[in-house]
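Here is a short tour to read with the sequence and the 3D view side by side. Take your time and turn the view as you go.

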Amino acid sequence: MNKATKYIAVMTAVLFILFPIQVSATEEENENSYRITYYVEAGDTLSRISQHYGVDFELLAAMNNLDTDARVLQGQRIYVPREPEINYSLEAGDTLWNVAQKYGVHVDDLVSYNQITDPGRLKIGQVIKIPVQSAEEMTPVRVAAKPALNVASRGLSGLSLPVMGIISSGYGWRKSGFHHGTDIAAKTGTPIRAVEAGNVIFSGWRAIYGYSITIDHGNEIQSVYGHASKLLVKKGQQVNKGQIIARVGDTGRTTGPHLHLEIHVNGKTVDPMRYLPKL
């Protein structure tokens, strides 16, 4: 290294020390992520941030494990949930398959969400709505493709009802995106029972779900129970079919007391009501 090169290197290092580079943007966004990363500015509050992004105030607090009255500090990192969909204008050479791969969704989801009858006849400039994975799922899950999985051999048939109540929201697409489970409305405190025997792999608080439980039943089958008011089992505990594991509540993002039930098979969600007794 000659003297001139050394001089430039030293001066560059000094400049970095004296004048550190400032990040000009206050947010970072990953188009395949369920969230935006925002850095708190002077005068910000959770309420102001939620209004700026047009997101639910309580959802924003829950997503960051904060109380709704919590103060935020300048420079603090806050995660903001993404909008439920992205509008994408098709370009020359685009296909549903490469668009799906780009945004981390499944082709079947795009077809269903956009009510496309012929995926092979798309036009340049046509706007495709991309459903963004909800923050409900910290680990991305896929929707079971049709035809349905043959799950009877996996022991998924004959599940028991987790709670007695009224179905308030079914599995499938709705305006806010894809609903990966079934909501069963019931009074706060109503017992929630395991649909099948298994091992508790999660018991605690999750964004959106509130107090929730995940049970691994083996054979790549799992069940998820959300919005509980009280959890009665711990991670690592073995539970029996029909055992009371929690009580109905309205924790997390919810409009009233109910159980949000999901069934996962081989990493894909399936309609729980296909395998449960009729209410």
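This is a predicted model: local features need pLDDT of at least 70, side-chain atom pairs count only at pLDDT 80 or more; totals for chains, interfaces and linings use all residues.

Helices (H or I, at least four residues) and strands (E, at least two) are DSSP runs, numbered from the N terminus. Residues are numbered from 1 along each chain as its sequence is written, and side-chain values use heavy atoms, with hydrogens and water left out.

## Overview and confidence

The chain has 279 residues, of which 40% count as buried (under 20% relative accessible area; exposed is over 50% and partly exposed is in between, with a 1.4 Å probe and protein chains only). Its secondary structure comes to 5 helices and 18 strands. Among contacts (heavy atoms within 4.5 Å) with a separation of 6 or more, 62% link residues 24 or more positions apart.

How confident is the predictor? The average pLDDT, the predictor's confidence in each residue from 0 to 100, is 75 for the chain, and 71% of the residues score at least 70. Over residues 16–33 the pLDDT stays under 50, and the model gives this stretch 25 contacts beyond four places in sequence. Residues 133–155 also have a pLDDT below 50, with 57 contacts in the model beyond near neighbours in sequence.

The C-alpha atom of S47 lies 8.6 Å from that of T68, although the two residues are 21 apart along the chain.

## Strands β7, β10 and β17

Two strands pair if DSSP finds at least two bridges between them. Strand β10 (residues 182–185) pairs with strand β7 (residues 166–169) in the antiparallel sense over 3 bridges, and with strand β17 (residues 258–265) in the antiparallel sense over 4 bridges. Look for A185 in β10: A185 is the bridge partner of I166, and A185 also has H258 of β17 as a bridge partner.

Further along β17 you will find H264. Is H264 buried or exposed? H264 is buried, because its relative accessible area is 10%. The side chains of H264 and E262 are joined by a polar contact of 2.7 Å (a pair of N or O atoms within 3.5 Å; within protein, one must be able to donate a hydrogen and the other to accept it, and residues adjacent in sequence count only if both atoms are side-chain atoms).

## Aromatic rings and a charge

The structure holds 1 aromatic pair. The rings of W205 and Y211 have centres 5.0 Å apart and planes at 85 degrees, so the pair is edge-to-face (rings of Phe, Tyr and Trp, its six-membered ring, pair if their centres lie within 6.5 Å; planes under 30 degrees apart count as stacked, over 60 as edge-to-face and the rest as tilted). W205 is partly exposed at 35% relative accessible area, and Y211 is partly exposed at 36%.

The charged end of R206 sits over the ring of Y209, 4.2 Å from its centre, and over the ring of F202, 5.9 Å from its centre (NZ of Lys or CZ of Arg within 6 Å of the ring centre and within 35 degrees of the ring normal).
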